[in-house]
Amino acid sequence: MNKKLLDAPTGTYRFCEVIVVVFILLATVHTLLLRQLGGPALTTEDALFLSQTLMGHRAWLTMALGLFYAYCRITAKDCSQLLTVSCVLAWFIFIEDTLALDNVLFVPEMLSGQLTQFSRPFLLVALTYMAVESRRRRSDG
Amino acid sequence: MVERHDEEKALVTDEELDALLQPRTVLQLSSYEKVFATKTPLFKLYFYLISMLGALYVGSFMIGALDNHLAFGWSELREHHDLSRLRFVAGFIMLAIVHVGLLAGQRLETLFMCFIGLLTYILVSGTSNLIALDGAINDPWFMGIYVSIQSLFILLLLLLIREERRSIVRLWQLQDV
């Protein structure tokens with residue numbers, strides 16, 4: 001096992017990584033369930049259309065970034081820039097959902113939807129911490 | 001006696017006190033001439049180009065010239081309209097941040113990467129929205145122009161990253177001389 005990988009993160013950083021992994025799993029499961037249930041779960045036409053065009057891409061994006069991060073961690077590469085970009089994207093999508101989409105994609109009847117929505121603030125805080133911490137570590141050398 | 005001596009030593013002089021009470025400027029902005037003097041000519045060109053195109057694009061949206069050509073023009077969904085408005089406001093904020101970052105003498109590489117991430121997300125989700133709308137996908141000219149405009153900004157940002165790196169190398173070389 002790479003020494004740099006073992007030395008790298010602090011306890012808080014590892015905890016944040018767990019939060020991010022849990023969120024990715026929840027978001028993926030929720031997207032898959034929505035895809036399967038579709039019509040019955042999403043009550044309005046607009047929500048159905050937006051879910052078909054937006055949620056799938058978001059799930060792919062989340063998984064791609066997650067996998068790229070995992071690759072960087074395993075190979076002990078610098079992932080500070082990846083984390084910064086992911087953090088900015090997560091905040092942007094959050095603002096988009098809250099201000100523009102009025103949480104139209106949120107399905108309160110589904111447990112996976114509730115859990116994803118509940119864990120989102122934790123994801124944002126965790127990602128922000130990870131981005132700041134990784135940049136600090138990089139500048140410290 | 002020793003304590004009194006330490007206290008006297010610890011006293012702050014008037015000059016030091018004045019220096020401490022001086023208001024500190026949190027953000028010190030330079031001028032474009034000074035900043036561009038440290039950059040490559042291509043950086044300057046790409047920067048002017050992206051600023052001009054960005055301002056034109058945002059301005060066109062503000063006066064409603066793009067209304068019929070964006071997703072809500074085809075779908076007439078309120079959410080699409082709000083989404084486009086938010087994205088154009090984000091574009092304007094990105095433009096402002098880049099200029100402030102440049103004038104503040106910050107390294108812009110990470111900032112450009114973040115914006116590439118955002119624009120790629122906007123391009124992918126915007127295109128998929130249009131593909132799902134029958135009217136838009138049946139107009140290949142429109143789709144081509146839409147994707148080209150979005151891709152142009154991403155391409156310019158990639159070129160700016162390359163020129164930013166070259167500028168730093170050039171600065172190091174100048175300092176060595």
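## Chain A

In this predicted model, residues 24 or more positions apart account for 79% of the contacts in chain A that have a separation of 6 or more. Chain A holds five helices and zero strands, so that its elements, read from the N terminus on, follow the order α-α-α-α-α. Of the 141 residues of this chain, 26% count as buried.

## Where the two chains meet

Chain B brings 17 residues into contact with 19 residues of chain A. On the side of chain B that touches chain A, the elements giving two or more residues are α6 (78-103) and α7 (109-132) of chain B, and of these α7(B) gives the most, with 11 residues. Sorted by class, this side of chain B has 10 nonpolar, five polar and two charged residues.

## The nonpolar cores

The largest nonpolar core has 39 residues, among which A:L89, A:L127, B:F115, B:L118 and B:L160 touch the most other members. Two or more residues come to this core from each of α2 (11-37), α4 (80-100) and α5 (111-140) of chain A, and likewise from α4, α6, α7 and α9 of chain B. The helix that gives the most to this core is α7(B), with eight residues.

## Helix α4 of chain B

Just after α4(B), B:G64 takes a positive phi of about 85°.

The buried residues of this helix are B:F43, B:Y46, B:F47, B:I50 and B:F61. Seen down the axis of α4(B), these buried residues fall within an arc of 100°, and they therefore line one face of the helix. The face turned away from that buried side carries the exposed residues B:P41, B:Y48, B:M52 and B:L56.

## What covers the buried face

The cover over the buried residues of α4(B) includes α6 and α9 (140-176) of chain B. When its neighbours within four places in sequence are left aside, B:L160 is in contact with B:F43, B:Y46, B:F47 and B:I50, and also with B:F112. B:L160 is also among the residues that touch the most other members of the largest nonpolar core.

Note on methods
Residues numbered from 1 in each chain as written. Chains lettered and ligands numbered in written order. Predicted model: local features only at pLDDT ≥ 70, side-chain atom pairs only at ≥ 80, totals over all residues. Contact = placed C-beta atoms within 7 Å. Helix = DSSP H or I, 4+ residues; strand = E, 2+ residues; numbered from the N terminus. Nonpolar A, V, L, I, M, F, W, Y, C, P; charged D, E, K, R; others polar. Buried ≥ 20, exposed ≤ 12 C-beta atoms within 10 Å, placed from the backbone. Arc of directions from axis to C-beta. Core = buried A, V, L, I, M, F, W, Y, C linked by C-beta atoms within 7 Å.
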